[in-house]
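Please keep the structure in view while reading.

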Amino acid sequence: MRAYLDHAASTPLLPRARDAMVEALSVTGNASSLHSAGRRARRAVEQSRESIAAALGVAPSEVIFTAGGTEADNLAVKGLWWARTAQDPARRRVLAARVEHHAVLDPVEWLGAHEGADVVWLDVDALGRVDPAAVAAEVASDPGSVALVSVMWANNEVGTVQPIESISAICAGAGVPLHVDAVQAVGSIPVDAAMPDTVAVSAHKLGGPLGVGALIARRGLDLVPLTHGGGQERQVRSGTQDVASIVGFAAAVEEVMSDLPASARRIAALRDELLAGVLSLCPAAVVNGARGGQDARLPGNAHLSFPGCEGDALLMLLDAAGVAVSTGSACTAGVPEPSHVLLAMGVDPALSRGSLRFSLGRTSTSRDVAALLDALPAVLERARRAGQVRLGRLSSSARQGA
Ligand code: PLP
């Protein structure tokens, strides 16, 4: 691999996290056991909880370990829904941003299909931003009917950062719980996890291991568990804790938080170098999402559409050239679907099919950007030719069908 430009999908495991995990893996003990081996395991879990809590500005008891971001999102969305509707069956409305990751989108849709939730999708503007005034108006129209609101901190495709402070204040003022998926934000930009009621975090997006994460849940918040069993994690998430992964998660959080502003500035500069390089090679490319400024867009995210090309073809050709990127859009039964995020932003579906996400992180260097820029001209040329062949086939089959 010449360049890994897919940090938004998963980040390389930081050496500090790997070393901490290797040590923890050789220690026997169930963190719920009362003997000294169990207490040692418990101590490792609790120390990790304390350091993650301190890094995110919350109390240790507010950190609920899960098996990653997807589980944390499901626990928040379904757990809040069940708790809130049990308290008051009039709370039927779920407000969620159209651009949420599927880890939120799908449980919300599931609540609509199976639990009778009235789902209200919050629109975004052309840069992918939710308007706090629209959230306020929607909540104010009937505050007593809102079960929960869900707006992500930063988008995984186009990197747009949402105005979470304003949205938190609106929800707190109306007494309705706000869930925030901060999976892409934590470790990339400053996140005050004490503002919303629940916040989802995932270790493998910030240099930690795969398969572990946390839901930060405000103290005293009523959440109905998804899993039942041994009553671990405040009785909210039963299951024996994965000590080594939790220890690796904490080590990664400690490292990324130790120099966050400086590394965010370095990564943003690298991203701008990538953008400038790509646009000079392909002036017709369109940048999706917010322009510039660390407040508006994740520092490591660049998202572009290449007219006349298929995103999948670009991805595979770049992969063959040793450069790993992502299209960000889902495939349904082998057919690439336009991204729901780009559609919500009003991007032309035909253009959206030719999109790529380049995402940089702590281990990215100028060499990665140079490898991309070196491979891109030939890749674009081949993808354009493939796109013309495809268009030709489509128009001839349309003529035959007419
Ligand atoms: N939420 C967002 C915004 C994500 O980007 C992802 C992963 O891509 C998830 C949730 C799911 O997290 P995990 O992979 O830890 O299940």
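The domain bounds used here come from an automatic or database domain assignment. The model itself is predicted.

**The two domains**

The assignment gives domain 1 as residues 15-257 and domain 2 as residues 260-401. Taken over C-alpha atoms, the centres of domain 1 and domain 2 are 29 Å apart. Domain 1 brings 27 residues to the contact, and domain 2 brings 22 residues. Between them, domain 1 and domain 2 bury about 2000 Å². Of this buried area, 58% is on carbon and sulfur atoms.

**Polar and charged links between the domains**

How many salt bridges are there between domain 1 and domain 2? The count is one salt bridge. The side chains of Glu 255 and Arg 362 form a salt bridge, with an N to O distance of 3.9 Å. The distance is within 4 Å, so the pair counts as a salt bridge. Eight residue pairs are in polar contact across the interface of domain 1 and domain 2.

On the side of domain 1 that touches domain 2, the elements giving two or more residues are helix H4 (102-114) and helix H7 (243-258). H7 gives the most to this side, with three residues. Sorted by class, the side of domain 1 that touches domain 2 has 13 nonpolar, nine polar and five charged residues.

**Around the ligand**

There are 14 residues around the ligand. Which of them come nearest? They are Thr 70, Asp 181, Gln 184, Ser 202 and Lys 205.

| Residue | Ligand atom | Distance |
|---|---|---|
| His 101 | oxygen | 3.3 Å |
| Asp 181 | nitrogen | 2.6 Å |
| Gln 184 | oxygen | 2.7 Å |

Key:
Residues are numbered from 1 along each chain as its sequence is written. This is a predicted model: local features need pLDDT of at least 70, side-chain atom pairs count only at pLDDT 80 or more; totals for chains, interfaces and linings use all residues. Side-chain values use heavy atoms; hydrogens and water are left out. Contact means heavy atoms within 4.5 Å. Buried area is the accessible area (1.4 Å probe) that two parts lose on being put together, summed over both. A polar contact is a pair of N or O atoms within 3.5 Å; within protein, one must be able to donate a hydrogen and the other to accept it, and residues adjacent in sequence count only if both atoms are side-chain atoms. Helices (H or I, at least four residues) and strands (E, at least two) are DSSP runs, numbered from the N terminus. Ala, Val, Leu, Ile, Met, Phe, Trp, Tyr, Cys and Pro count as nonpolar, Asp, Glu, Lys and Arg as charged, and the others, Gly among them, as polar. A residue is near a molecule or strand if one of its heavy atoms lies within 4 Å of it.
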